Amino acid sequence: MKTVYSKPGNGVAIAFVSDARLHQYVRLRFTPSISFGIRKIEYTLATADRDSFKVFEKSVESVFLIFPLEIKIQSKRQGNFSAYIIGGGGYNLDLVARKKAGSSGGANQLDDNVKLTRDDFFYSAGGGTDFYLKYFKLGLELKLLIGTRNMLKAE
């Protein structure tokens, strides 16, 4: 194998929000979630005599359990609106990844040429807005998670 590249893909996440107020505008949040996503992995394999290469691209479906712990700094509420920034870190577990290198099977093992690990730690940063409606609060958030480990298994 010569190269391996990961391309971003789309996904959706469902989360539960638990919130502890540290100060009037500062909160500690734990938002465990399940995320369904697709990644594209492009890898290059050399022929047996190493005189040519073939490029493969595979779509990898993944289901992640995400456990972030974050600090939320919120603006003062203006009418029915407030904005915030958020940052922190956490743990990420890929439920589709192969448990043991010798076992056959997870959908993200790419014909046994590329093997991915199950877990990762990450940093997170983002921002959002809260809209206060009559019976509930609607929050819209955009967040970036940056993994700290190389997810490629070396074998």
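Reply:

Lys7 has a relative accessibility of 34%, so it counts as partly exposed. The scale behind that word is this: buried means under 20% relative accessible area, exposed means over 50%, and partly exposed is in between, using a 1.4 Å probe and protein chains only. The model is predicted: local features need pLDDT of at least 70, side-chain atom pairs count only at pLDDT 80 or more, and totals for chains, interfaces and linings use all residues. Residues are numbered from 1 along each chain as its sequence is written, and side-chain values use heavy atoms, with hydrogens and water left out.

Lys7 belongs to strand β1 (residues 3-7) and Glu57 to strand β6, so the bridge ties together parts that are 50 residues apart in sequence. Strands here are DSSP runs of E, at least two residues long, while helices are runs of H or I of at least four; both are numbered from the N terminus. Glu57, at 42% relative accessibility, also counts as partly exposed.

A salt bridge requires a side-chain nitrogen of Lys or Arg within 4 Å of a carboxyl oxygen of Asp or Glu. In general, side chains of opposite charge can pair when their charged atoms come close. By the rule used here, the count comes to nine salt bridges. Some of them join up: Arg29, Glu70, Glu141 and Lys143 are linked in a network. Within that group, the side chains of Lys143 and Glu141 meet at 3.7 Å, N to O. Lys143 is partly exposed at 30% relative accessible area, and Glu141 is partly exposed at 33%. For contrast, consider the salt bridge between Asp130 and Lys137, which has an N to O distance of 3.7 Å. Asp130 counts as buried at 3% relative accessibility, whereas Lys137 is partly exposed at 44%.

Next come the aromatic rings. A pair of aromatic rings is described by the distance of the centres and the angle of the planes. Rings of Phe, Tyr and Trp (its six-membered ring) pair if their centres lie within 6.5 Å; planes under 30 degrees apart are stacked, over 60 edge-to-face, and the rest tilted. The count by this rule comes to four aromatic pairs. One of them is Tyr43 with Phe56, which is stacked at 5.3 Å centre to centre with 20° between the planes. Tyr43 lies in strand β5 and Phe56 in strand β6, so this pair ties together parts that are 13 residues apart in sequence. Tyr43 is buried at 1% relative accessibility, and Phe56 is partly exposed at 24%. Phe67 and Tyr91 also form a stacked pair, 6.5 Å centre to centre and 15° between the planes. Here Phe67 is in strand β6 and Tyr91 in strand β7 (residues 81-94), so parts that are 24 residues apart in sequence are tied together. Phe67 is partly exposed at 32% relative accessibility, as is Tyr91 at 24%. Ring pairs link Phe67, Tyr91 and Phe121 into a cluster.

Phe67 is also one of the residues in a nonpolar surface patch, together with Leu22, Leu28, Phe30, Leu69, Ile71, Ile73 and Ile85; their accessible area together is about 680 Å². Patches are made of residues with over 30% relative accessible area and no salt bridge, joining like charges within 9 Å and nonpolar side chains (Val, Leu, Ile, Met, Phe, Trp, Tyr) within 5 Å. Areas come from the Shrake-Rupley method with a 1.4 Å probe, and for residues only the protein chains shown count as cover. Strands β4 (26-30) and β6 (53-74) each supply at least two residues of the patch, and the largest share, four residues, comes from β6. Ile73 is found in β6 and is partly exposed, with a relative accessible area of 44%.

Finally, the buried side. In soluble globular proteins, nonpolar side chains tend to be buried together. The largest nonpolar core has five residues: Ile41, Tyr43, Leu45, Val60 and Leu116. Strand β5 (residues 33-46) gives the most to this core, with three residues. Such a core is a set of buried Ala, Val, Leu, Ile, Met, Phe, Trp, Tyr and Cys residues joined through side-chain atoms within 4.5 Å.
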